[in-house]
Structure formats: C-alpha cells, structure tokens
Amino acid sequence: MKLRNAHGTELELYIVYTQPVASAALQLEGLKFETYPTPDGLIRAARGTGDVAGSVALETLRAMLLSGEIRWLELGLRGYSLMEKKREYRPWRKNAHLSLEQFTDLTALEPEVRYHAPI
C-alpha cells in the first residue's frame, strides 16, 4: 500500500567561493547543483539540494571552509510534506548564524534550521 501523504527533510545548501572557480568543486552524491556564474563564465556560487546525510555534508563543507576554498555557506535540512505527489516545503523554523569555530564544532544538523557560516 502506497502512502498518499508523507513528510521528510532534504539537504539544501548554498556556498560562495572565495575566488570564482572554473568548475564547482563540491561533489556530494545525491545533490543536484545549480551554479551561479560571473560574466566571464567562472562560478562564484552554487546551490545544491537533495537527499544527503547532514553529517557527510558537514564534514565536506567544514574541510572547504577551513581550507579557504569557500568564504560563506548556508545549509540546513529543509522540511517538506508530500501531498498527492506534490512537495510542499515548510518554512525554516530558525536561522542560526555561526562563527567558524561554532561551525567546526557542529556535529549534527537540526531539521528545519538554516545554518549560516560566514568567515
């Protein structure tokens, strides 16, 4: 028996590179990416959404922040309801603005909380 109505979360992230890059270096299996190019065709930012474990994303993004590859990011587990085969996204419950130190100490993402980590 198929469920007609369900709910869940998916990872949503937005990153801004320190310097524009020729190709998006972030590779997380399960994410669909949309890139934002500069007028000369280099990528200045990228947005990804999909079904990826928050812990895997945190580990990858933490390494990118610490290396200086990206200067700012926003990520969270976006809540949704699936009703009659249509996804309805719930609004974010809270925004958490973190320092680099607070972000490196973060071990798990709370559902429906959007984390911002500027440098």
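Of the 119 residues of the protein chain, 41% are buried (under 20% relative accessible area with a 1.4 Å probe, protein chains only). The structure is a predicted model, in which local features need pLDDT of at least 70 and side-chain atom pairs count only at pLDDT 80 or more, whereas totals for chains, interfaces and linings use all residues. Residues are numbered from 1 along each chain as its sequence is written, and side-chain values use heavy atoms, with hydrogens and water left out.

The protein chain contains 2 helices and 7 strands, assigned as DSSP runs (helices H or I, at least four residues; strands E, at least two) and numbered from the N terminus. Their order from the N terminus is β-β-β-α-β-β-β-α-β. The C-alpha trace spans about 50 × 35 × 20 Å along its principal axes. Among contacts (heavy atoms within 4.5 Å) with a separation of 6 or more, 56% come from residues 24 or more positions apart.

The accessible surface of the protein chain is about 7300 Å², and carbon and sulfur atoms contribute 52% of that surface; the areas come from the Shrake-Rupley method with a 1.4 Å probe.

Ser81 lies in strand S4, which covers residues 70-83. Beyond its neighbours within four places in sequence, Ser81 is in contact with Ala6, His7, Lys86, Arg87, Glu88 and Arg90. With Arg90, the side chain of Ser81 forms a polar contact of 3.2 Å (a pair of N or O atoms within 3.5 Å; within protein, one must be able to donate a hydrogen and the other to accept it, and residues adjacent in sequence count only if both atoms are side-chain atoms).

Technical notes
Buried means under 20% relative accessible area, exposed over 50%, partly exposed in between (1.4 Å probe, protein chains only).
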